Amino acid sequence: MTELPTASAPDLQPGESRRTDAELIAASRDSPDEFALVFDRHAVAIHRYLARRLGPTEADDLLGQTFLLAFETRDRYDGTRAGALPWLYGIATNLIRRRRRDEIRQYRAYSRTGVDRDQNSFDNDLAARLDAATVGRVLSGVLAGLRAAERDVLLLYAWEGLSYPEIAQALDIPIGTVRSRLHRARRALRSALGPDFEESEL
């Protein structure tokens, strides 16, 4: 199996920090250590996303797999896309799909017990207005019941703040499909939590 570069990221030259992800990925084809800079830029965001979906232990494992797959497939990266974060979210989401049972089990367990493996999964502002444990259980139950495709779109939008085009890129689907899946997910959430529910409360 191919291994990610283990050397530390190269010392930055003047103007180095302004290189786009696409430029770094292109450079890494000849100089693999350049890919370490892509990891440095995006590992925290990808780990946070994985931890919210599957818990911190699984996130530690899948973070390495996400970047290993990205490194191994970097020759196929679309160089017209300056930022690689949607691409990385797409890889991470595909890995999550392989462990879908673990994610659903986590949501169902929380909906029953109110014990959240990631205490930051739900917005603290919600606790000031409603009983956080009750709402958290309801949210987890709704997330567990969503179709996988709808859950992916909702969480990339609500948790990671991706735009519709970025979600479309990450999941390799049309923007219209993003809109329809997000609409169905919102409808399910509002049905459970009321019409005033907003994604910022996830």
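Asp172 is found in the loop between H9 and H10. Helices here are DSSP runs of H or I with at least four residues, strands are E runs of at least two, and both are numbered from the N terminus. The phi angle of Asp172 is near 55 degrees, a positive value in a residue other than glycine. Is Asp172 buried or exposed? With 72% relative accessibility, Asp172 counts as exposed. Buried means under 20% relative accessible area, exposed means over 50%, and partly exposed lies in between, with a 1.4 Å probe and protein chains only.

This is a predicted model, in which local features need pLDDT of at least 70, side-chain atom pairs count only at pLDDT 80 or more, and totals for chains, interfaces and linings use all residues. Residues are numbered from 1 along each chain as its sequence is written, and side-chain values use heavy atoms, with hydrogens and water left out.

**The chain as a whole**

The protein chain has 10 helices and zero strands. Its pattern along the sequence reads α-α-α-α-α-α-α-α-α-α. The chain has 202 residues, and 45% of them count as buried. Contact means heavy atoms within 4.5 Å. Take the contacts with a separation of 6 or more: residues 24 or more positions apart account for 68% of them.

**Salt bridges**

Side chains of opposite charge can pair when their charged atoms come close. A salt bridge is a side-chain nitrogen of Lys or Arg within 4 Å of a carboxyl oxygen of Asp or Glu. How many salt bridges does a search of the whole structure find? The search finds 10. The table shows some of them.

| Pair | N to O distance |
|---|---|
| Asp152 and Arg53 | 2.7 Å |
| Arg147 and Glu150 | 3.1 Å |
| Glu150 and Arg184 | 2.7 Å |

Start with the salt bridge between Asp152 and Arg53. Asp152 lies in helix H8 (residues 148-158) and Arg53 in helix H2 (residues 35-54), so the pair ties together parts that are 99 residues apart in sequence. Asp152 is buried, at 0% relative accessible area. Arg53 is buried too, with 0% relative accessibility.

Glu150 counts as buried, at 7% relative accessibility. Arg147 is partly exposed, at 47%. Arg184 is partly exposed, at 29%. Elsewhere, salt bridges that share partners join Arg48, Arg52 and Glu160 into one network.

**Helix H1 and its partners**

Two packed helices are described by the angle between their axes and the distance between the axes. Axes are lines fitted to C-alpha atoms, for helices over the stretch in contact, and angles run from 0 to 180 degrees between N-to-C directions. The axes of H1 (residues 21-28) and H2 come within 8 Å and cross at roughly 145 degrees. On the H1 side, the contact involves Asp21, Leu24, Ile25 and Ser28. On the H2 side are Phe35, Leu37, Val38, Arg41 and His42. These residues divide into five nonpolar, two polar and two charged. Ala, Val, Leu, Ile, Met, Phe, Trp, Tyr, Cys and Pro count as nonpolar; Asp, Glu, Lys and Arg count as charged; the others, Gly among them, count as polar.

Helix H1 also holds Ala22. Ala22 is buried, at 9% relative accessibility. Which residues does Ala22 contact, leaving aside its neighbours within four places in sequence? They are Tyr77, Gly79, Arg81 and Ala82. Thr80 is 58 residues from Ala22 in sequence, yet their C-alpha atoms are 7.4 Å apart in space.

**The largest pocket**

A pocket is an open set of points on a 1 Å grid over the protein atoms alone, where a 1.4 Å probe fits, with protein on both sides within 12 Å along at least five of seven lines; lining residues have an atom within 4 Å of a point. Grid points are joined across faces, edges and corners, and a volume is the space filled by probe spheres set on the points.

The largest pocket has a volume of about 350 Å³. Its lining has 17 residues, and Trp87, Ile91, Asn94, Gln169 and Ala170 lie nearest its centre. Helix H4 (85-98) and helix H9 (164-171) each supply at least two lining residues. The largest share, seven residues, comes from H4. By type, the lining divides into seven nonpolar, four polar and six charged residues.
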